[in-house]
Amino acid sequence: MKIVKKILMGVGILILVVVAAAYIIPVLFKDDIKSAIDKELAKNINADIIFDVNNFDLTLFSNFPNVTVKIKELGVFNREPFAGTPLFVVEEFAVELNLKELVFGDQLRIKGITLFRPQITIKVLPDGKSNYDITYPSPEAAPAAEEPGSFSFGIDHWKISDGQLTYDDQSIPFYTSLKGLNHSGSGDFNEKEFDLKTKTTIDSFTVKFDGTEYLTNKQAEFSAIIGISEEYTRYTFKDNSTRLNDFTMHLEGWFKMNENDYAMDMQFSSPENSFKSLLSLVPGMYTKDFGNIETKGDLSFSGFVKGTMSDTQMPAFNMALNVTDAMFKYPDLPTAISNINMDLLVDNKTGVIENTVIDLKKLHLEFGTNPVDARLLIENLKDYRMDANVKAALNLAELGTMFPMDGLEMKGAFAVDATAKGVYDSIRKVMPSVNATMSLANGYVKSSEFPIPLEDLRFKASIQNATGKIAETLINVKDFGMLLDGERFTADLILQNLDDYTWDVKANGGIDLEKITKIFPVEGMTLAGKVKADIETKGKYSDLDAGRYDRLPTSGIATLRDFKYSSADLPPVAISQANAVFDPKKIEITNTTGTIGKSDFTVAGSISNYIGYLFGSETIKGNMNFNSVLLDLNEFMTDTEAPTTPAEPTAYSIIPVPQNIDFILHSNLKTVKMMDYTMTNVNGDVIVKDGIANLNELKFNMLGGAFAINGTYNTKDINHPLYDLGIKIESLSIQQAATSFSIVQTYAPIAGLVNGSFGTDFKISGELGQDMMPKMNTVNGSGLIKIAQAALTQSKLVSGITSLTKLDNSDQVTLKDVLMSAAIKDGSLSVKPFDVKFGEYKTNISGSTGLDGSINYLLKMNVPAGKLGSQLQGFINKNTGANNPTSEIPVTIALGGNYKDPKTSLLMEEQKQQVTQAVTAAAEEKGKQAIQGVLEGGKPKDVLSNILSSKKDTTKVVAGAPADSTKTDVKQEAQKVLENKLQNLLKKKKNN
């Protein structure tokens with residue numbers, strides 16, 4: 001008993017130690033294991049590995065005696081060029097490690113791997129670069145000796161639960177998607193030869209190749225025992241089964257990976273002979289009610305793949321499918337698809353893809369009382385040598401009871417009988433000889449998505465080619481017709497010579513656009529209106545391609561009523577009526593009226609070269625009369641987005657002029673709105689050609705004035721639109737012009753203070769900004785400005801001038817019958833001399849205004865002696881020694897600075913010259929007085945002395961001139977003039 005007791009105590013202690021170790025060892029080695037993992041990842045992986053340390057766990061209890069390392073919420077994210085794409089994301093990743101080697105060895109040996117809800121995304125770019133290539137490249141030269149790594153693989157089991165796998169290879173191109181993936185496998189990879197046992201189920205399996213979807217949301221299951229040998233390169237398929245939906249297939253044979261190619265010898269077959277299993281592969285058939293479908297019939301399916309596959313070679317392959325006396329019927333439908341027989345062989349004996357034979361020896365099935373028979377033999381995939389036939393007579397209403405489609409109803413009798421035999425070679429321009437007929441009678445189609453049915457659908461068509469020459473093909477569609485909500489449409493087509501398409505088309509009938517868009521909706525656009533047409537057209541593609549449009553006779557008539565169009569990009573369009581008559585050269589448009597947004601229009605005229613415009617890159621031409629009561633161009637100029645706040649101004653944009661139209665628009669418009677302008681009684685021609693709008697004698701009233709414009713608006717370079725205009729204006733308010741036109745605001749800001757009207761004949765050119773406003777630094781122009789009557793008051797410019805004089809009413813400037821010559825160049829407006837009146841005093845003005853607001857003007861006036869300003873009068877008194885100068889003093893005033901802060905001053909050098917001229921004139925007047933005194937009997941010397949003493953000063957000078965020298969010189973000059981005149985007179989008297 002003591003021995004037993006000691007044994008039990010020993011076992012209990014051992015169990016206690018093991019349990020304690022199970023808790024302690026993971027804690028002791030957790031940091032070491034994570035550190036080793038991080039080190040290996042950083043050394044080998046070129047990707048971002050994301051996981052939280054707190055989600056890292058290590059335990060002995062899950063798979064004792066192995067250690068289990070668990071990482072939750074692990075992600076592997078690619079770097080460029082796949083940045084942001086998750087390569088691998090898993091909810092839980094568990095790895096089993098050998099405990100003995102963990103504690104006592106120098107390597108971590110992996111025994112098992114479990115993935116819970118992994119998401120794996122594999123991508124390959126067109127150039128072959130793949131996102132799974134995340135390991136760093138190996139060095140060019142391997143080191144002489146390699147140290148063993150920290151990990152080794154002795155894996156013998158693995159498992160994937162509820163996974164998703166996407167493989168998108170754009171270099172092939174191939175795409176597959178697996179959802180609901182559950183997979184388990186086991187095998188001892190430490191052995192040179194072993195059996196790999198695996199089982200896989202997939203809830204949804206999709207396969208696409210080169211844009212075609214071959215499998216869509218199929219269920220799949222695969223279980224196999226695969227023998228692996230020859231250093232993991234040879235795989236021998238032993239007991240295995242593959243199921244796709246309800247179709248099961250077995251695979252036997254082997255597959256070997258060689259250094260430069262793949263070798264294989266595999267046979268596949270279906271162990272079941274049920275037609276129902278094949279039916280499950282038909283799209284839309286394998287639903288939850290598939291088990292209730294009644295079927296019968298025998299099936300055999302087999303084939304092989306044998307040979308070598310490489311970049312230049314394919315293995316031979318074979319696939320045979322036979323269906324005998326099959327049928328199927330939905331349980332709740334009255335009619336079955338019966339008598340289904342098929343014999344199909346796909347065979348390639350050489351591995352050369354062009355040598356593939358496709359032989360559908362027989363296909364027969366009966367849709368109730370509607371039989372279908374077909375056969376097809378394609379002898380190769382090089383010139384597609386074929387022999388085919390299909391014949392069917394289908395009652396579409398009965399067919400709908402066998403293949404019910406939710407929301408779709410069809411009726412009618414459809415028949416086809418077609419044979420084709422021969423080869424297809426586009427280089428030699430040959431095709432199989434064809435004899436085919438098709439017809440539809442009493443057709444009817446209605447969809448729940450489109451409430452209006454297509455009724456009375458009918459056509460008869462034939463395709464004939466007896467020789468196999470593409471040029472001798474004839475396609476004839478006649479008596480095509482349909483009825484859409486009471487609107488009938490008919491058409492006939494003859495198409496022949498597929499080497500140079502030659503057509504003859506006739507169409508007649510009406511279409512309701514609103515109903516058509518309900519059947520075929522267009523996102524972001526609504527259409528309504530009724531179109532009626534009776535059109536015939538003939539021609540050849542070679543003539544169309546060469547631009548010989550005169551050889552494409554087209555004629556007919558078309559009418560449009562109650563048309564409406566709306567979209568997010570344009571104002572709503574409505575056309576109440578439009579009539580068009582076609583011939584090969586032109587379209588005559590008459591009685592066309594409608595609205596675009598707020599604007600109305602009436603259009604009539606002709607359009608030519610329309611065929612070249614529609615089918616080529618030629619220019620369409622037209623000559624149209626365009627009338628409107630209101631044309632609001634702002635609806636075409638404003639951005640689609642409204643201003644964010646009521647105070648925000650409307651943003652305008654350039655109106656582009658199309659470059660592929662050549663139109664003359666004879667315009668008669670009652671009211672036109674453009675930006676902030678309203679024009680009335682607009683008449684003239686707008687010639688649109690090559691992206692330029694030419695305005696020819698365009699006349700209109702605006703801002704109370706009359707305008708006439710000739711010139712161009714050029715948008716060939718939409719980023720730098722240009723204008724070049726000749727503008728004539730009559731009776732326009734000067735203040736209106738200043739507030740309305742930015743050019744006037746910039747170069748003549750004083751106009752805003754002038755009351756009156758003006759006219760002009762002005763040429764102006766420049767560039768427009770993207771807001772349709774002139775770029776001021778590009779403006780150039782010249783012309784005449786005529787002012788009949790105007791007045792200026794309350795201006796700093798006037799007050800600065802009047803400060804130099806004491807003129808009566810000089811704070812009011814008047815302009816009457818002024819003809820001003822002006823020019824704009826290099827950012828400056830210059831005006832040649834013109835006359836105005838300061839009060840009652842005539843003043844001559846000339847000068848310039850700069851783009852920066854600077855002004856530089858000269859004002860010349862004759863100021864009465866008593867009306868001189870204190871500064872000017874004081875200067876003259878100082879320099880002449882007299883208080884009563886001549887009756888008028890010429891004054892030149894310089895006006896500088898800028899419009900907001902003008903500077904006035906007298907020009908001194910010019911003023912001195914003017915004083916001299918005035919003194920001379922005064923002296924001549926006194927000389928006349930002296931001569932008169934002598935003639936009346938006085939002594940010459942006394943007469944001269946009295947005149948000079950009575951007027952001590954006959955000078956006028958400018959402020960700032962040298963006083964003494966000026967006074968002396970002037971006096972001497974005056975006396976000399978008088979003496980000379982007197983002596984000359986006395987000589988004449990003595991001689992007499």
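Q: Which strand holds E487?
A: E487 is placed in strand β23, residues 487–496. Strands are DSSP runs of E with at least two residues, helices are runs of H or I with at least four, and both are numbered from the N terminus. The model is predicted: local features need pLDDT of at least 70 and side-chain atom pairs count only at pLDDT 80 or more, while totals for chains, interfaces and linings use all residues. Residues are numbered from 1 along each chain as its sequence is written, and side-chain values use heavy atoms, with hydrogens and water left out.

Q: Is E487 buried or exposed, and which side chain of opposite charge is nearest?
A: E487 is buried and has no salt bridge; the nearest side chain of opposite charge is K530, 4.1 Å away. Buried means under 20% relative accessible area, exposed over 50%, and partly exposed in between, with a 1.4 Å probe and protein chains only. A salt bridge requires a side-chain nitrogen of Lys or Arg within 4 Å of a carboxyl oxygen of Asp or Glu. For charge, Lys and Arg count as positive and Asp and Glu as negative, with His and the chain ends not counted.

Q: What is E487 in contact with?
A: Apart from neighbours within four places in sequence, E487 is in contact with M482, G510, K530 and K532. Contact means heavy atoms within 4.5 Å.

Q: How many salt bridges does the structure hold?
A: The structure holds 23 salt bridges. One of them joins D499 and K429, at 3.3 Å from N to O. D499 lies in the loop between β23 and β24 (502–512) and K429 in the loop between β19 (408–422) and β20 (433–447), so this pair ties together parts that are 70 residues apart in sequence. D499 is partly exposed at 40% relative accessible area, and K429 is partly exposed at 43%. There is also a network in which salt bridges with shared partners join D456, R458, D479 and R488.

Q: What about R375, which residue is its partner?
A: R375 forms a salt bridge with D387, and their closest N and O atoms are 3.1 Å apart. Because R375 lies in strand β17 (residues 370–378) and D387 in strand β18 (residues 386–395), the pair ties together parts that are twelve residues apart in sequence. R375 counts as partly exposed at 36% relative accessibility, as does D387 at 23%.

Q: Changing topic: which residues have the most contacts inside the largest nonpolar core?
A: They are F700, F707, I743, I764, I787, L815 and F834, in a core of 90 residues. Strand β38 (residues 813–825) gives the largest share of this core, six residues. A nonpolar core is a set of buried Ala, Val, Leu, Ile, Met, Phe, Trp, Tyr and Cys residues joined through side-chain atoms within 4.5 Å.

Q: And what does I787 touch?
A: Beyond neighbours within four places in sequence, I787 is in contact with I734, S757, F758, L815, K816, D817, V818 and M820.

Q: Which residues does the second core include?
A: The second core is separate, has 36 residues, and includes L279, F328, L440 and L457.

Q: How much of the protein is buried overall?
A: Of its 992 residues, 39% count as buried. The secondary structure comes to 15 helices and 43 strands.
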